[in-house]
Amino acid sequence: MSPNILITGAAGYIGGSILADFLARSDSLIEKNNISAAVRSEEQANILSKLGINVLKLDLTDEKAVVEGLLSNNITIVIHCASSLDQAQALHLITALGKQQEATGEKTYFIHTSGLGAFVEKTGWPPGETKDTGPVFSVEKELADSFATRKTDVAVIEHSKAQGVTSFIIIPCTVYGRGTGEWNQLSVKIPIWIQGSISQKAVYKFPEDTKVSGVNISDLTALYSQIVKKIVQKETIPSGEEGYYFALAHEIVWSEALQHLAIALKARGLVTDSKIQIWTSDEAAAESLGVPAPFVQVLFNADENIVAENVHKIGWKPVWTYERFLQNIDDQIQDVVDLGKAKSSLVDSLFAAVRG
Ligand SMILES: NC(=O)c1ccc[n+]([C@@H]2O[C@H](COP(=O)([O-])OP(=O)(O)OC[C@H]3O[C@@H](n4cnc5c(N)ncnc54)[C@H](OP(=O)(O)O)[C@@H]3O)[C@@H](O)[C@H]2O)c1
């Protein structure tokens, strides 16, 4: 029998796309009738209810409401996409899963969405290659206090262990492509860069030539589905301290990607020149991209050196390649033209962190 699955952040880009993907592929392992979505506004709840699924209007910072919501809906799997930073949200959900397990004797699972910022040198991560099959947990634990996402990952793993809940940490890299959810369909980095370029009528870059890892949203949602299917089929896959999954499909060389972007923007008349300009300071870059200056390097200019092994061990096969990404870069511009400003709770929370 298909378990009851709750997707948090279901009005967001990743959570909304996972929800749409799960509904589209509804089968005996992931059944539509067993999917619940958590959102925090009445308007979002009304829109998602039209999909014929169970919608919980929940503020995930409210522990009592979270525990009641999960227990009254017999939730045994949570896919958490509302915040990689806010530890309290994750801990409340795990506490609720622990209570659910205690009440029914049925095993429970927590799938956490983290962020790649935890694993780059600019946030204090050690230099050199990092494999998701390596000692990621012990290094995160040692460096937990110096970056909020690392602290949350460690708390997720330790609290899950204490509650008897099986945990997995998914680390999406630069996610691109139009989301398929009902609410926010724009990702963060690339739409922000496009908006900045349109408003400045030129594409800017940092002086350094960095490379990052990319994944199309459809490949990312397929990874969540793959993990849920393994859980339902009772297959043992890496979890807890070993349960890190780097969701990377291919590299993106920023200078090359931005050159493609500049040519496509110029062809649309959205920038005056396809020649790339160089930002002279972090403040200028932050202003152009609309993010707080202290975070601009970590978000947009961090060289990544990560290797994904666990995702392949469980049979994930992304279909988007770097060549396909470059060939379809104009679609990213169309998404921004259609949908306007990217609304990201990550950027909101970074501004809140700077304000203190
Ligand atoms: N997009 C990427 O490229 C990327 C890459 C790596 C990691 N991530 C991480 O993945 C997570 C999801 O990203 P996303 O792009 O899907 O973000 P998003 O579009 O901003 O979605 C987050 C959703 O969570 C909801 N939420 C936030 N706090 C909540 C609370 N206290 N109670 C209930 N709901 C709450 C938000 O509600 P509202 O709609 O009311 O704001 C929003 O709908 C984030 O933690 C992000 O840092 C994203």
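1. Among contacts in the chain between residues at least 6 apart in sequence, what percentage join residues at least 24 apart? The proportion is 78%. The model discussed in this note is a predicted one.

2. Secondary structure and overall dimensions. The chain contains 15 helices and 14 strands. Its radius of gyration is 20 Å, close to the 21 Å that the globule rule gives for 356 residues, so the chain is as compact as a globular protein of that length. Taken along the principal axes, the box filled by the C-alpha atoms is roughly 65 × 45 × 40 Å.

3. Burial and surface. Of the 356 residues, 55% count as buried. The chain exposes about 14,900 Å², and carbon and sulfur atoms supply 50% of that area.

4. The largest nonpolar core. This core has 81 residues. Ile 79, Ile 111, Phe 119 and Ile 227 are the members that touch the most other members. Helix α8, residues 217-232, gives the most to this core, contributing eight residues. Apart from this core lies another, of 37 residues, which includes Phe 206, Leu 258, Leu 299 and Ile 329.

5. Contacts of Ile 227. With residues up to four places away in sequence not counted, Ile 227 touches Ile 111, Phe 168, Ile 170, Ile 237, Tyr 245 and Ile 314. One of these partners, Ile 111, is also named among the residues of the largest core that touch the most other members.

6. Two residues with positive phi. Most residues other than glycine have a negative phi. Lys 201 has a phi near 55°, a positive value in a residue other than glycine. Lys 201 is located in the loop between α7 (189-200) and β9 (204-205), and counts as partly exposed because its relative accessibility is 44%. Lys 234 likewise has a positive phi, near 60°. The loop that holds Lys 234 runs between α8 and β11 (244-247). Lys 234 has a relative accessibility of 73% and therefore counts as exposed, the cut-off being over 50%.

7. Ser 239. The loop between α8 and β11 also holds Ser 239. Is Ser 239 buried or partly exposed? Its relative accessible area is 25%, so Ser 239 is partly exposed. Not counting residues up to four places away in sequence, Ser 239 touches Thr 166, Ser 167 and Phe 168. Ser 239 and Ile 169 are 70 residues apart in sequence, with their C-alpha atoms 8.1 Å apart in space. Phe 168 is also listed among the residues that Ile 227 touches.

8. Ser 288. This residue is placed in helix α10, residues 282-289. Which residues are in contact with Ser 288, leaving aside its neighbours within four places in sequence? They are Gly 196, Gln 200 and Trp 279. Ser 288 has a relative accessible area of 10% and is therefore buried, since the cut-off for burial is under 20%.

Terms used:
Residues numbered from 1 in each chain as written. Predicted model: local features only at pLDDT ≥ 70, side-chain atom pairs only at ≥ 80, totals over all residues. Heavy atoms only, no water. Helix = DSSP H or I, 4+ residues; strand = E, 2+ residues; numbered from the N terminus. Rg over C-alpha atoms; globule rule 2.2 N^0.38 Å. Buried < 20%, exposed > 50% of the residue type's maximum accessible area, 1.4 Å probe, protein only. Contact = heavy atoms within 4.5 Å. Areas by Shrake-Rupley, 256 points an atom, 1.4 Å probe, with all protein chains shown as cover. Core = buried A, V, L, I, M, F, W, Y, C linked by side-chain atoms within 4.5 Å.
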